[in-house]
Amino acid sequence: MSTGNINIGESELEIMKVIWRAGMPINSTTISEAVKEKGWKRTTIAPFLVRLTEKGAISAKKIGNSLYYTPILTAKEYKKTQVKSLIKNLFDGSAGNLVTALFEEEEFSDKDIRELKAIFEDKEG
């Protein structure tokens, strides 16, 4: 299965962010602690973990009495796929339309503009 075509829901994405940040295998207790502000219990988190495993976004390995989860899909891969999908579906395949929309709706700091210029200059040459 290609990790580039994995569809992740909003709540699943919150779980993925915790797993990505962990940088090492992580169990559901630790995940639960990381998202406690959402009021989710381990029984709420468990179905998300099952779906993410079934989708191929994470792997699960039993260590002792606990399952530990590791990302298969990287944050970078996921972001890249989502941006491509956004450009294709909302901006008629035009990255220029996306950038135009960003500049029309956002106020960018001088630092933001310098960073964007550096990215474009790096891509050019």
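Trainee: Why is Phe-103 called partly exposed in this predicted model?

Mentor: Its relative accessible area is 42%. Buried means under 20% and exposed means over 50%, so a value in between counts as partly exposed. Phe-103 is therefore partly exposed.

Trainee: What makes Phe-103 and Phe-108 an aromatic pair, and why is the pair called tilted?

Mentor: The ring centres of Phe-103 and Phe-108 are 4.6 Å apart, and rings pair if their centres lie within 6.5 Å. The planes are at 45 degrees. Under 30 degrees would be stacked and over 60 edge-to-face, so the pair is tilted. Phe-108 has 26% relative accessibility and also counts as partly exposed.

Trainee: How many aromatic pairs does a search of the whole structure find?

Mentor: The search finds 3. One of them joins Trp-20 and Tyr-78, with 6.0 Å centre to centre and 40 degrees between the planes. Trp-20 is in helix α1 and Tyr-78 in helix α4, 58 residues apart, so this pair links distant parts of the chain.

Trainee: What does Ser-32 touch, and why is Ser-32 called buried?

Mentor: Ser-32, in helix α2, touches Trp-40, Lys-41, Arg-42 and Ile-45, not counting residues up to four places away in sequence. Its relative accessible area is 13%, under the 20% limit, so Ser-32 is buried.

Key: Residues are numbered from 1 along each chain as its sequence is written. This is a predicted model: local features need pLDDT of at least 70, side-chain atom pairs count only at pLDDT 80 or more; totals for chains, interfaces and linings use all residues. Side-chain values use heavy atoms; hydrogens and water are left out. Helices (H or I, at least four residues) and strands (E, at least two) are DSSP runs, numbered from the N terminus. Buried means under 20% relative accessible area, exposed over 50%, partly exposed in between (1.4 Å probe, protein chains only). Contact means heavy atoms within 4.5 Å.
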